[in-house]
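Here are some friendly notes to read with the structure open beside you. Take the points one at a time and look for each residue as it comes up.

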Amino acid sequence: MKTKCLIIGSGPAGYTAAIYASRANLSPILIEGPQPGGQLTTTTTVENFPGYPDGVDGNQLMEDLRKQAVRFGTDIRTGIVKEVMFAQRPFDVTVGGLDEKIEAETVIIATGAAAKYLGLPDEQKYMGMGVSACAVCDGFFYRNRTVAVVGGGDTACEEAVYLAGLAKKVYLIVRKDYLRASKVMQQRVLQNPKITVLFNTNTVGLFGKEVLEGAHLVEYMGTPREQLFDISIDGFFLAIGHQPNSAVFAPYVDMDNAGFIKVRAHSQATNIDGVFAAGDVADPVFQQAIVAAGAGCRAALEAEKFLLSVQ
Ligand code: NDP
């Protein structure tokens, strides 16, 4: 299979790159990975994507972007990228689930990021039995129960507010003495009578016979005021940030220490000529759908320009 432009990833960056690349007659192939539509498919209403004064359902937004990409001729395939060969052009990309390799003149990496876990052994033990990293996906199971959310950013606050609409009680476990979330989200959390914020608190373990029954917490860890205590909970939701999905590109593409792909200044170009990166996989700072979409547009325009320059 050959293409002038291979787009890897199906979030706002991938689909926007596909819309621009298709309209530029690059006949792109887009690989949608394990989570078609990306992270926005796990949110409820997206309130800050311009053009939707009343907000838009995350799934609907991604479905609309997908349709727009297909309308202009993007060839969408499903599979997980197993290996890339970026040593020379055209690039070879092996995708699990497709019988043949893809030979691409340019590649746009838009693989996004995945939720981080604390790294406690108990997280794996109770995975699907009380532990989750997606309130919107799993919140339904915790109607009138008690849950905890870990994190102090916008994701944690958003998840706590969402869960408060379903659960009896929500603990928000914050390791510092302040929330890092935007002011509007902080207000929603602090004004919600169902949410109790536990500041200066870390989680050190989880317990329960078969399913999750509670968490071991420490207040003021590592200080003279340190105090251990337990809370009884049925659900434990992680919202402590995201890890870029970039490992498969590591042999070739330059990244920072956290695995975010490095792009050149004022550009989506990576260290490999003809390989571009857009969206959360290359954005340690903003991580917003609209920024990812903008970066996808830039990557496609740069891919088009690059192809003209090497003709
Ligand atoms: P952030 O990186 O903003 O926040 C992560 C939170 O998790 C921080 O409070 C951090 O604590 C905490 N944390 C990290 N590691 C640990 C750990 N090991 N133990 C305990 N707590 C930990 O991630 P988000 O996913 O919340 O947001 C990412 C970006 O996406 C941000 O730019 C955010 O604004 C944006 N966003 C915007 C939304 C919107 O506008 N609707 C919705 C969701 C996200 P600490 O503060 O101590 O470092």
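**Notes on the structure**

1. Let us begin with Glu32, which is buried because its relative accessible area is 8% (buried means under 20%, exposed over 50%, and partly exposed in between, using a 1.4 Å probe and protein chains only). Please keep in mind that this is a predicted model, in which local features need pLDDT of at least 70 and side-chain atom pairs count only at pLDDT 80 or more, while totals for chains, interfaces and linings use all residues. Residues are numbered from 1 along each chain as its sequence is written, and side-chain values use heavy atoms, with hydrogens and water left out.

2. Which residue does Glu32 form a salt bridge with? The partner is Arg66, and the closest N and O atoms are 3.5 Å apart (a salt bridge is a side-chain nitrogen of Lys or Arg within 4 Å of a carboxyl oxygen of Asp or Glu). This pair links distant parts of the chain, with Glu32 in strand β2 (residues 29-32) and Arg66 in helix α2 (residues 58-71), 34 residues apart. Helices (H or I, at least four residues) and strands (E, at least two) are DSSP runs, numbered from the N terminus. Arg66 counts as partly exposed, at 27% relative accessibility.

3. The structure holds seven salt bridges, and another one of them joins the side chains of Glu47 and Arg188 at 3.6 Å, N to O. Here too distant parts of the chain are linked: Glu47 is in the loop between β3 (45-46) and β4 (56-57), and Arg188 is in helix α6 (residues 183-190), 141 residues apart. Glu47 is exposed, at 55% relative accessible area, whereas Arg188 is partly exposed at 38%.

4. Glu105 and Arg89 also meet through their side chains in a salt bridge, 2.9 Å from N to O. Glu105 lies in strand β8 (residues 102-109) and Arg89 in the loop between β6 (80-85) and β7 (91-96), so the pair ties together parts that are 16 residues apart in sequence.

5. How many disulfides does the structure hold? There is one, formed by Cys134 and Cys137, whose sulfur atoms are 2.0 Å apart (a disulfide is a pair of cysteine sulfur atoms within 2.5 Å). The torsion about their S-S bond is about 75°, so this disulfide is right-handed. Cys134 counts as buried at 11% relative accessibility, while Cys137 counts as partly exposed at 42%. Cys5 is in no disulfide, and the nearest cysteine sulfur, that of Cys297, is 13 Å away. Cys5 is buried, with a relative accessible area of 0%.

6. Now turn to the ligand. Of the 19 residues around it, Asn48, Gly152, Asp154, Thr155 and Arg180 come nearest (a residue is near a molecule if one of its heavy atoms lies within 4 Å of it). An oxygen atom of the ligand is 2.6 Å from an N or O atom in the side chain of Thr155, and an oxygen atom of the ligand is 2.4 Å from an N or O atom in the side chain of Arg180. The protein covers 77% of the 910 Å² of accessible area that the ligand has on its own (areas come from the Shrake-Rupley method with a 1.4 Å probe; for residues, only the protein chains shown count as cover). Helix α5 (residues 154-164) gives the most to the shell around the ligand, with three residues.

Methods
Polar contact = N/O pair within 3.5 Å; in protein donor to acceptor, adjacent residues only side chain to side chain.
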